[in-house]
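Here is a friendly briefing to read alongside the model.

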Amino acid sequence: LLFTLPMLLSVAFQQLYNIADSVIAGKFAGEDALAAVGASYPVTMIFMAVAFGMNIGISVVISQLFGAKDFKEMKTAAYTGFISVAVLGVVLTVVGTVLCEPILRMLGTPENIMEDTALYLAIYIWGLLFLFIYNISSGVFTSLGDSKTPLWFLIASSVGNIVLDAVFVIIFHWGVGGVAWATFLAQGVASACAFWAVLRRLKSVETKEKPALFSGAMLRRISIVAIPSILQQSFVSVGNLCIQGLVNGFGSSAIAGYSAGVKLNTFAITSLTALSNSVSSFTGQNIGAGKMERVRSGFKAGLVMSVAVALVFMGAYVFRGENLLLLFMNSTSAEAIEIGKKFLLIVSLCYLFLALKLAADGVLRGAGAMVYFMITTFLDLILRVVLAFILVHPFGITGIWLSWPFGWVISSTLSLAFYLFGVWNPLKKKA
C-alpha cells in the first residue's frame with residue numbers, strides 16, 4: 001500500500017494534464033475545441049502506448065536485476081533503455097509529423113474541427129521525446145522501490161500545465177494551440193528534471209565494475225517484455241482509433257460527449273493500471289529474489305486495492321456522472337452531456353471485472369509471462385472492436401459503449417485462470 005499510494009497519486013496528477021486540457025478547452029474555447037482535443041486523443045494514445053511499453057519492459061528487467069542485487073547489469077539496463085527511447089522518440093516524431101493529418105482524415109474527422117485537431121496533434125508530437133524520457137525515468141525509480149520521487153516532478157508539472165493552460169487560453173486566447181503548448185512546456189520541464197534525478201540515483205549505486213552504457217544483449221532482454229507490451233498497448237490504441245472513427249460519424253456533439261466521458265473513463269483505467277504496475281514491480285523483485293509466496297501476497301493486496309478504487313470510480317460515475325461532465329462543458333451542450341452520461345454509466349458498471357483483470361495481468365507481466373498477458377489483452381481488444389461495429393447498427397451509438405463490458409468480462413476470466421494455473425511461476429515452468 002505504501003509503495004502503491006504515490007503511484008496512484010502520480011496517475012491522478014498525470015490525468016490532470018488531459019483533464020485540464022479538455023476542461024479549459026471546453027469551457028473557454030467552446031464545444032468544437034473540446035471535440036478537437038478529443039478527436040486527437042486516440043492518436044496520441046498510440047504514442048503513449050510506445051512510451052508505456054518501454055516503461056514496462058525496462059521496469060520489469062530492472063526490478064528483477066535489483067531483486068537479484070546485480071547492480072552492474074541493472075545500471076546497464078537503465079542506460080540502454082534511455083539511449084533506445086531517445087532514438088525511438090526522434091524517429092516517431094518525424095513519422096508522426098508526416099502522417100498526422102492523413103490519419104485524422106482517414107478517421108473521418110469533421111471539417112469544422114480538422115484544423116484545430118491537426119494543430120493540437122502536431123504540437124503534441126513535437127514533445128514525444130519528453131514523454132518517452134519522463135516515462136522511462138519514472139519506470140526506473142519505481143523498479144528501485146521508489147514511487148515517491150517521480151510523484152513530486154509530476155505534481156509540479158501538472159500544476160504548471162494548468163497554470164499555462166489558463167494563461168494561454170483564457171488570457172492570450174490561443175485556443176487549442178494554447179492547450180497544446182501548455183502540455184509541451186510542462187512535460188518538457190518534468191522530463192528534464194526526472195532524467196537528471198534518475199542519473200544521480202544510478203550514480204549513487206556502487207558497483208565493482210564500470211557498467212556498459214549500451215548492451216545489445218540487454219536491449220534484447222528488455223525487448224522481450226517491451227515489444228509485447230508496446231504491441232498490446234498499440235493494438236488497444238488502434239482499437240480506440242476504430243471506435244473513434246465510429247463516433248466521428250455521429251457528429252461533433254457526439255465527439256464532444258465521448259471526449260469528456262472517455263477522459264473520465266481513462267482516469268479510472270489508468271488508476272487501476274497504476275495498481276497493476278505496482279504488482280508488476282513487486283512481482284519482478286520477488287521472483288528475482290526467489291520469494292514466490294510474496295508474489296501471491298502481492299496479487300491479493302493488489303486485487304483488494306483495485307476493487308476499492310474501482311468501487312470509488314463506479315459510484316462517482318453512476319451517481320454523479322452528469323455533474324462531472326459539466327466540468328468539461330456548459331449546460332447548453334445537452335446532447336453531448338447525455339451521450340457522455342450514458343457512456344460512463346455503461347462502462348463504469350463493469351469496473352470490477354477490469355480490476356480483476358489488471359491485478360492478474362500485473363503478475364503475468366512482472367514474471368515475464370508475456371504470451372499469456374498478450375492473449376488476454378488481445379481477446380479484450382478484438383471483442384470490443386468487433387462488437388462495436390456489430391452493435392452500432394441495431395443500437396446506434398449506445399451499441400459502441402456496450403462493447404466495453406463484454407471484452408472486460410471475458411478477458412478478466414481468462415487472466416484469473418492463467419494466474420491460478422501458475423503460468424507466472426518459474427518453479428512450475430521448470431517442473
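**A first look around**

N425 sits in the loop that runs between α14 and α15 (426–430). Please keep in mind that this is a predicted model. With a relative accessible area of 4%, N425 is buried, because the cut-off for buried is under 20%.

- From N425 to S234 the chain covers 191 residues in sequence, and the two are 27 Å apart in space, C-alpha to C-alpha.
- M374 is part of helix α13, and its relative accessible area of 14% makes M374 buried.
- M374 and F214 are 160 residues apart along the chain, with 28 Å separating their C-alpha atoms.
- R221 belongs to helix α8 (residues 216–248), where R221 counts as partly exposed at 34% relative accessibility.
- Between R221 and G57 there are 8.4 Å from C-alpha to C-alpha, although the two residues are 164 residues apart along the chain.

**How α9 and α10 pack**

- In general, a pair of packed helices is described by the angle between the axes and the distance between the axes.
- For helix α9 (residues 252–288) and helix α10 (residues 292–325), the angle is about 170° and the axes are 10 Å apart.
- Angles over 145 degrees count as roughly antiparallel, and α9 and α10 are therefore roughly antiparallel to each other.
- The contact of α9 with α10 is made by 18 nonpolar, 8 polar and 1 charged residues.

**Aromatic rings**

- How many aromatic pairs does the structure hold? There are 19 aromatic pairs in the structure.
- One of them joins F172 and W174 in a tilted arrangement, at 5.4 Å centre to centre and with 40° between the planes.
- F172 is partly exposed, at a relative accessible area of 43%, and W174 is also partly exposed, at 45%.
- Y372 and F418 make an edge-to-face pair, with 4.9 Å from centre to centre and 65° between the planes.
- Since Y372 lies in helix α13 (residues 370–395) and F418 in helix α14 (residues 397–420), this pair ties together parts that are 46 residues apart in sequence.
- F267, F313, Y317, Y351 and W408 come together as one aromatic cluster.

- As a general rule, most residues other than glycine have a negative phi.
- K69 is a residue other than glycine with a positive phi, near 60°.
- K69 is placed in the loop between α2 (31–67) and α3 (71–106), and K69 is exposed, with a relative accessible area of 63%.
- H173, also a residue other than glycine, has a positive phi near 60°.
- The loop between α6 (149–171) and α7 (175–204) is where H173 is found, and H173 counts as exposed at 64% relative accessibility.

**The largest pocket**

- The volume of the largest pocket is about 310 Å³.
- Which residues are closest to the centre of the largest pocket? They are F3, S278, F282, N286 and R294, out of 17 residues that line the pocket.
- α9 and α10 are the elements that give two or more residues to the lining of the largest pocket.
- The most comes from α9, which gives 6 residues to the lining of the largest pocket.
- Sorted by class, the lining of the largest pocket is made of 7 nonpolar, 8 polar and 2 charged residues.

**To take along**

Methods
Residues numbered from 1 in each chain as written. Predicted model: local features only at pLDDT ≥ 70, side-chain atom pairs only at ≥ 80, totals over all residues. Heavy atoms only, no water. Axes fitted to C-alpha atoms, helices over the stretch in contact; angles between N-to-C directions. Helix = DSSP H or I, 4+ residues; strand = E, 2+ residues; numbered from the N terminus. Parallel < 35°, antiparallel > 145°, perpendicular 65-115°, else oblique. Nonpolar A, V, L, I, M, F, W, Y, C, P; charged D, E, K, R; others polar. Phe/Tyr/Trp six-rings, centres within 6.5 Å; stacked < 30°, edge-to-face > 60°. Buried < 20%, exposed > 50% of the residue type's maximum accessible area, 1.4 Å probe, protein only. 1 Å grid on protein atoms, 1.4 Å probe; cavity = no way out; pocket = protein on both sides within 12 Å on 5 of 7 lines; lining within 4 Å. Points joined across faces, edges and corners; volume = space filled by probe spheres on them.
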